[in-house]
Amino acid sequence: MPMPHKGFTLIEILIAIGIIAILSSIVIIAVNPARQFAQARDSKRQSDVNAILNAVYQYAVGNNGSLPTSITLTSTEICKDDVSCASLINLHTSLVGATQIYLVSIPMDPSCPTACAVNGAGYTIVRNANGRITVSAPDAEIAVSISVTR
């Protein structure tokens, strides 16, 4: 009686490869790296919006309750540095300045420079009639917009 051959048949190998392919595609879909990166960028935006708003209110505390005069009733993009910012709000002088009291630098949106105005930081700021400040990240990816008001 001849000994049976040990090993796998072609059908068994193809079935194993098919199962591995199905399981790996499920894992890739579940992990979704593009969404993970978008969530990371939105987390940075949320952190930056909070940092800018905190710096504005630290400025107000240090200046007898006065907010930076450049913040207007119209939502405008924040200038990233102290260069020519024709249509942007220049908070660099108030919040960063030479001494870097309130911020080391104006935070930049992760999608800049493609989604920002020239010299823009990608974040907007506005003061309402009651003096409340809203800082927003209009280029958020997962959320429609990220904004904080105080």
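Mentor: Buried means under 20% relative accessible area, exposed means over 50%, and partly exposed lies in between (1.4 Å probe, protein chains only). This is a predicted model, in which local features need pLDDT of at least 70 and side-chain atom pairs count only at pLDDT 80 or more, while totals for chains, interfaces and linings use all residues. Residues are numbered from 1 along each chain as its sequence is written, and side-chain values use heavy atoms, with hydrogens and water left out.

Trainee: Is Tyr59 buried or exposed?

Mentor: Tyr59 has 17% relative accessibility, so it counts as buried. Across the protein chain, buried residues make up 32% of the 150 residues.

Trainee: How many helices and strands does the protein chain have?

Mentor: Helices (H or I, at least four residues) and strands (E, at least two) are DSSP runs, numbered from the N terminus. The protein chain has three helices and four strands. Read from the N terminus, their order is α-α-β-α-β-β-β. The C-alpha atoms of the protein chain fill a box of roughly 100 × 30 × 25 Å along the principal axes.

Trainee: In which order do the four strands form the sheet?

Mentor: Two strands pair if DSSP finds at least two bridges between them. Here the four strands make an open sheet, ordered S1-S2-S3-S4, with antiparallel pairing. Strand S1 (76–79) and S4 are at the edges with a single partner strand each, so one side of each has no neighbour in the sheet. S2 and S3 run antiparallel and are joined by four bridges. Ile125 has Val135 in S3 as its bridge partner.

Trainee: Which residues of the largest nonpolar core touch the most other members?

Mentor: A nonpolar core is a set of buried Ala, Val, Leu, Ile, Met, Phe, Trp, Tyr and Cys residues joined through side-chain atoms within 4.5 Å. The largest one here has 26 residues, and Leu91, Leu95, Ile125 and Ile133 touch the most other members. At least two residues of this core come from each of helix H2 (33–62), helix H3 (92–96), strand S2 (120–127), strand S3 (133–137) and strand S4 (146–149). H2 gives the most, with seven residues.

Trainee: What does Ile133 touch?

Mentor: Contact means heavy atoms within 4.5 Å. Leaving out residues up to four places away in sequence, Ile133 touches several residues, including Leu53, Val56, Tyr57, Ile125 and Val148.

Trainee: And Ser136, what is it in contact with?

Mentor: Ser136 is placed in strand S3. Its relative accessibility is 12%, so Ser136 counts as buried. Apart from neighbours within four places in sequence, Ser136 is in contact with Val49, Gly122, Tyr123, Thr124, Ser145, Ile146 and Ser147.

Trainee: Where does Asp42 lie?

Mentor: Asp42 lies in helix H2. With 8% relative accessibility, Asp42 counts as buried. Neighbours within four places aside, Asp42 is in contact with Ala140, Glu141, Ile142, Ala143 and Ile146. Asp42 and Ile142 are 100 residues apart in sequence, yet their C-alpha atoms are 7.0 Å apart in space.

Trainee: How many aromatic pairs does a search of the whole structure find?

Mentor: Rings of Phe, Tyr and Trp (its six-membered ring) pair if their centres lie within 6.5 Å; planes under 30 degrees apart count as stacked, over 60 as edge-to-face and the rest as tilted. The search finds one pair. The rings of Tyr59 and Tyr102 have centres 5.8 Å apart and planes at 70 degrees, so this pair is edge-to-face. It links distant parts of the chain, with Tyr59 in helix H2 and Tyr102 in the loop between H3 and S2, 43 residues apart.
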